[in-house]
Amino acid sequence: MRSPIPDYLAEALRSVEADQSGATADYIPELANADPDRLAVAFCTEDGRRYSQGDCDASFSIQSISKPFVYALALADRGFDEVLDKVGVEPSGDAFNEMSLEPITGRPLNPMINAGSITAHTLAGPRGAAPHDRFDRIVDGLSAFAGRRLEMDEAVFESEIRTAYRNRALANMLRANDIIDEDPLVAVTGYTRQCSLAVTVDDLALMAATLANRGVNPVTGAPVVPPAVVRQTLSVMATCGMYDAAGDWMTRVGIPAKSGVAGGLIGALPGQAGIATFSPRLDRHGNSVRGVELFRRFTSDMGMHLM
Ligand code: DON
């Protein structure tokens, strides 16, 4: 019998199509010029069945959705103590690009905001690795989550790094507080490259499904990160992944999630599935408007809420 899932997903896309509220991110010129009408959704189950509808071939930059995966790599490479010494796990309640450093330690509050993710970027790979080796480790790691080789979108990178004044300020503060121990511009450059990796909704659904499947890619069978790392990563996604909308998200949708300013959004339902949506117009928190609507609908239709 034909699966009803593709029809359900197509109908879900139709139900949000008319909503044109929100706006594409304008602080990264290349994203401001993106076609705002594209819309796509993908599901990948924990046993590797994949479904998608809409503009599934559209590729877009991963942006902040890279953050949980790079955090997971840092935990796997350096261990919990070293990473927790430099990045906390408390929701900031502030926008993703605020400083949000703890008063006494100077640590960024969590690894989902920019300050925390610039820090996590510097902790991926072996200690003392050269920046290009560290970047290779990140691309290899994120590619293992996605089950295929990911490539950078150079135009997005160039466009963002030219105007990354805010992230440079964050990195300078991190350096001043001895949270990162390298040239702040090197850290911001690597972090911005990480955010410029190009993905599709199918890639993101499989990446999320790998988290939902305790760190084993359900399509390739590759173990990517250990279960303890997945638990930590999903926990910070649940509490901090949607920034200053994390509480609203957790009460209304109820699964660990992460958004990106290019319009991607992922959710991981442990033991069940990874879900990804793509729609570039964002709300005031920097989360995809139609993506959030789709996830709300999935929760009410399928009872995804973990509580
Ligand atoms: O650092 C930045 O501002 C971007 N590269 C990523 C921000 C982002 O995706 C925020 N999420 N919604």
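**Core.** I started with the largest nonpolar core of this predicted model, which has 94 residues. I noted the residues with the most contacts inside this core: Ala42, Ala74, Leu204, Ala205, Ala208, Ile266 and Ala276.

**Ala42.** I picked Ala42 from that list and looked up its contacts, leaving aside its neighbours within four places in sequence. Ala42 is in contact with Arg50, Tyr51, Ser52, Cys56, Val201, Asp202, Leu204, Ala205 and Ala276.

**Domains.** My next entry is on the two domains, which the domain assignment of the chain gives as 5-60 + 199-302 for domain 1 and 64-195 for domain 2. Their C-alpha centres lie 21 Å apart. For the contacts between them, I found 35 residues of domain 1 touching 29 residues of domain 2. On the side of domain 1 that touches domain 2, helix H2 (29-32), H10, helix H11 (227-240), strand S6 (257-259) and strand S7 (264-269) each supply at least two residues. H11 gives the most to this side, with 7 residues. By class, I noted 20 nonpolar, 11 polar and 4 charged residues on this side of domain 1.

**Ligand.** I wrote down the surrounding residues: Gln63, Ser64, Phe96, Asn97, Asn114, Glu160, Asn167, Cys195, Ser259, Gly260, Val261 and Gly286. The shell divides into 3 nonpolar, 8 polar and 1 charged.

**Helix H3.** I went on to helix H3 (residues 66-78), whose 13 residues reach 18 Å from first C-alpha to last, close to the 18 Å expected at 1.5 Å a residue. Is H3 enclosed or open? I counted 12 of the 13 residues of H3 as buried, so H3 is largely enclosed by the rest of the structure. Among the buried ones are Phe69, Tyr71, Leu73, Ala74 and Asp77. After H3 comes Gly79, with a positive phi near 90°.

**Helix H6.** For helix H6 (residues 131-146), 16 residues at 1.5 Å a residue should span 22 Å, and the end C-alpha atoms are 22 Å apart, which agrees. I listed the buried residues of H6 as Arg134, Phe135, Ile138, Gly141, Leu142, Ala144, Phe145 and Ala146. What covers them includes H3, helix H9 (184-195), strand S5 (197-199) and H10. Just after H6, I found Gly147 with a positive phi of about 75°.

**Glu98.** My last stop was Glu98, in the loop between helix H4 (80-86) and helix H5 (114-122). Glu98 has 18 C-beta neighbours inside 10 Å, so I put it down as partly exposed; a residue needs 20 or more to count as buried. Leaving aside neighbours within four places in sequence, Glu98 is in contact with Ser92 and Ile113. I also checked Glu98 against Ser66, 32 residues apart along the chain, and their C-alpha atoms are separated by 18 Å.

Methods. Residues numbered from 1 in each chain as written. Predicted model: local features only at pLDDT ≥ 70, side-chain atom pairs only at ≥ 80, totals over all residues. Core = buried A, V, L, I, M, F, W, Y, C linked by C-beta atoms within 7 Å. Contact = placed C-beta atoms within 7 Å. Near = placed C-beta within 6 Å. Nonpolar A, V, L, I, M, F, W, Y, C, P; charged D, E, K, R; others polar. Helix = DSSP H or I, 4+ residues; strand = E, 2+ residues; numbered from the N terminus. Expected span 1.5 Å × (residues − 1). Domains from an automatic or database assignment.
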